[in-house]
Amino acid sequence: MIDVVHRPGTDSSDGSFQFGLDLNEVPVPSRRYIADVGCVVQSRGEVKLIFGQERIGTSSLRSMLIVQMSELGAKQCLQSFVAMSPSLTDIAGTVGVESEKLSVDLVEPDQAVSFAANFVAAAIVGAEACLDFYHASPFALRSVHLSKKLSVEPVVRVDIRLSLLMAMIDELERIESQANVAA
């Protein structure tokens, strides 16, 4: 359980509110995955962050990790990257890294696993990054306004190149801008 901070003035007519939390208080996920490739797919009201490991000597995949997020969870993830200081672009410029192209038409290999997540913590050092994914159940989220605490489960840590992370964030921004145009 971690403490949450209610953000004043964010209550809405439907009873929802915004809160902040410090994921540094949550245990590091024990599952780890090293990503060679990635893509972002939106379908059925969810955003899937897809990570893959390539087989040696070919572009086919040895394994795949799919992190499913609600559109709200993906939006919150994107907002945390947009609010970073220094920005992702500034960090990349300092180390001389440019965004790469995401993979297209990834074929799911025999070894694939999918997890749900609704919170992400990130760390970047040089051209390396890692994403720690966490999940809070609807039960935990429902009671957070009363208890001022949130039960968050560590899901998986993904080690990723900064150039691939930048491409995934760019795609999340594209998806978000399309959602805003449609609304």
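How do the residues of the lining of the second largest pocket divide into nonpolar, polar and charged? The structure described here is a predicted model.

## The four-stranded sheet

Four strands form an open sheet in the order E4-E5-E6-E7, and their pairing is mixed.

Phe 51 has Leu 65 in E6 standing opposite.

## Helix H1 across the sheet

Helix H1, made of residues 71–82, lies across E4, E5 and E6. The helix runs at about 100° to E6. H1 also contributes to the linings of both spaces described below, the second largest pocket and the largest cavity.

## The second largest pocket

The volume of the second largest pocket is about 160 Å³. Its lining consists of Gln 42, Val 47, Glu 71, Leu 72, Ala 74, Lys 75, Leu 78, Leu 172, Ile 175, Glu 176 and Ala 179. Two or more of these residues come from each of H1 and helix H4 (162–182). H1 gives the most, with 5 residues.

The opening question can now be answered: the lining divides into 7 nonpolar residues, 1 polar residue and 3 charged residues.

## The largest cavity

Rolling a probe the size of a water molecule over the atoms shows where empty space is left. In this model there are 2 cavities of 30 Å³ or more, and the largest cavity holds about 60 Å³ of space.

The residues that line the largest cavity are Leu 49, Phe 51, Cys 77, Phe 81, Val 120, Leu 131, Phe 133, Leu 165, Met 168, Ile 169 and Leu 172. At least two lining residues are supplied by each of E5, H1, strand E9 (128–135) and H4. H4 gives the most to this lining, with 4 residues. By class, the lining of the largest cavity has 11 nonpolar residues, with no polar and no charged ones.

## Residues in more than one setting

Phe 51, which stands opposite Leu 65 in E6, is also one of the residues lining the largest cavity. Leu 172 is among the lining residues of the second largest pocket and also among those of the largest cavity.

Terms used
Residues numbered from 1 in each chain as written. Predicted model: local features only at pLDDT ≥ 70, side-chain atom pairs only at ≥ 80, totals over all residues. Heavy atoms only, no water. Pairing = 2+ DSSP bridges. Contact = heavy atoms within 4.5 Å. Axes fitted to C-alpha atoms, helices over the stretch in contact; angles between N-to-C directions. 1 Å grid on protein atoms, 1.4 Å probe; cavity = no way out; pocket = protein on both sides within 12 Å on 5 of 7 lines; lining within 4 Å. Points joined across faces, edges and corners; volume = space filled by probe spheres on them. Nonpolar A, V, L, I, M, F, W, Y, C, P; charged D, E, K, R; others polar.
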